[in-house]
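Trainee: I'm new to this one, so could you show me how to read its helices and sheets?

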Amino acid sequence: MSRRMRTYFYAVLGALGGLFGWQVSDRLGLSLVSNLYLSEAIVGALVGLCIGFFIGITEGLLTRNFVQLLKSGLVGGLLGLVAGAVGLPLGEYLFQSVGAGLLGRALGWAVFGLLIGLAEGVVGKSQMWKGVLGGLIGGALGGIALEYAHSLLQNQLTGKAVGLVLLGASVGAFISLIVVLLSRAWLEVTSGKLKGAEFILDKFMRAGGPAIAIGSSALKSEIVFPDPDISPQHAMLTGDGKSFTIKDMSMSGTFINNKKVERAQLSNGQRIRMGNTEMVYHEKR
């Protein structure tokens, strides 16, 4: 899936998370306790759990990596739960105590989005601060949209549903958008079962950082291709702060511009082939 479509799917999955969050919180949250802030914490936690889970599973769905889907969905859901439990009562506190109004609620949802973005940064293939920044912006804008929808629509239930859908979509879209706009290196798959997918590599670019494995096994590799001619751990990418070096670890070979290599420094526009899968390495300086 292209980087542009990636943002679209993050928005859609975030919106679905908001919709599920509305259903769950409406059925369970408001009737549990009488204390306002505790009630807000419970409702926020339920909403955050749903939005965090749906945004978390997006990358795994797009790349058909179900091990990553489960891992990132779990982490995203748990951090989303914390984010909602903190963000919603914080917004309510600012609204009630200092008269911050819409700004206070937006700040609370911004904290919520920030923590959702942190979760995505932890399990995603991008630098953590990008997810945090995207979540912060998306949470603030989505929180404003939520409050406007809640106040403009006459039916409170409908207003809450529309608002949470807009919140989830905003958080998901901006988390992805910031990562896409600021990405420095990525692989674009041009043939094979994942044709059109793009894997952002920024998280692994720094010198001395972790290497990233490419292969067919979700248990042994971070970038996974469903290609029987690709080894479970076919090649390794290592960053030096500016670009990547690729090292072949397979029996069938890794090819750059149709030339078999054992180890090579990658440069912008080079074509990499493994098994029946071909990709292009992109790099921005």
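Trainee: At what angle do H2 and H6 pack, and how far apart are their axes?

Mentor: Two packed helices are described by the angle between their axes and the distance between the axes. Here, H2 (residues 36–62) and H6 (residues 156–182) pack at about 45°, with axes 11 Å apart. Axes are lines fitted to C-alpha atoms, for helices over the stretch in contact, and angles run from 0 to 180 degrees between N-to-C directions. H2 and H6 are therefore oblique to each other (under 35 degrees is roughly parallel, over 145 roughly antiparallel, 65 to 115 roughly perpendicular, the rest oblique).

Trainee: Which residues in H2 meet H6?

Mentor: Val 43, Val 47, Ile 51 and Ile 55 in H2 do, and their partners in H6 include Leu 164, Leu 167 and Val 171; contact means heavy atoms within 4.5 Å. By class, that contact of H2 with H6 has eight nonpolar, two polar and one charged residue. Nonpolar covers Ala, Val, Leu, Ile, Met, Phe, Trp, Tyr, Cys and Pro; charged covers Asp, Glu, Lys and Arg; the others, Gly among them, are polar.

Trainee: How do H5 and H6 pack?

Mentor: H5 (residues 128–152) and H6 pack at about 155°, with their axes 7 Å apart. That makes H5 roughly antiparallel to H6. Their contact holds 17 nonpolar, twelve polar and two charged residues.

Mentor: H2 also packs with H3 (residues 66–97), at an angle of about 145° and with axes 5 Å apart. The contact of H2 with H3 divides into 16 nonpolar, 13 polar and three charged residues.

Trainee: On to the strands: what is the order in the sheet of six?

Mentor: Two strands pair if DSSP finds at least two bridges between them. The six-strand open sheet runs E2-E1-E11-E10-E7-E8, with antiparallel pairing. At its edges are E2 (198–200) and E8 (259–261), each pairing on one side only, and the twist averages 30° from one strand to the next. Inside that order, E7 (residues 254–256) pairs with E10 (residues 271–274) over two bridges, and Phe 255 stands opposite Arg 273 in E10.

Trainee: And the sheet of five strands, what kind of pairing does it have?

Mentor: Mixed pairing, in an open sheet ordered E4-E3-E5-E6-E9. E5 (residues 235–239) and E6 (residues 244–248) run antiparallel, joined by five bridges, with Leu 237 opposite Ile 246 in E6.

Trainee: Which element has the lowest mean pLDDT?

Mentor: Where pLDDT is low, the predicted coordinates should not be read in detail. pLDDT is the predictor's confidence in each residue, from 0 to 100. Among the elements, H4 (residues 101–123) has the lowest mean, 80, and E7 the highest, 97. The chain's mean is 86, and 94% of its residues reach 70 or more.

Technical notes. Residues are numbered from 1 along each chain as its sequence is written. This is a predicted model: local features need pLDDT of at least 70, side-chain atom pairs count only at pLDDT 80 or more; totals for chains, interfaces and linings use all residues. Side-chain values use heavy atoms; hydrogens and water are left out. Helices (H or I, at least four residues) and strands (E, at least two) are DSSP runs, numbered from the N terminus.
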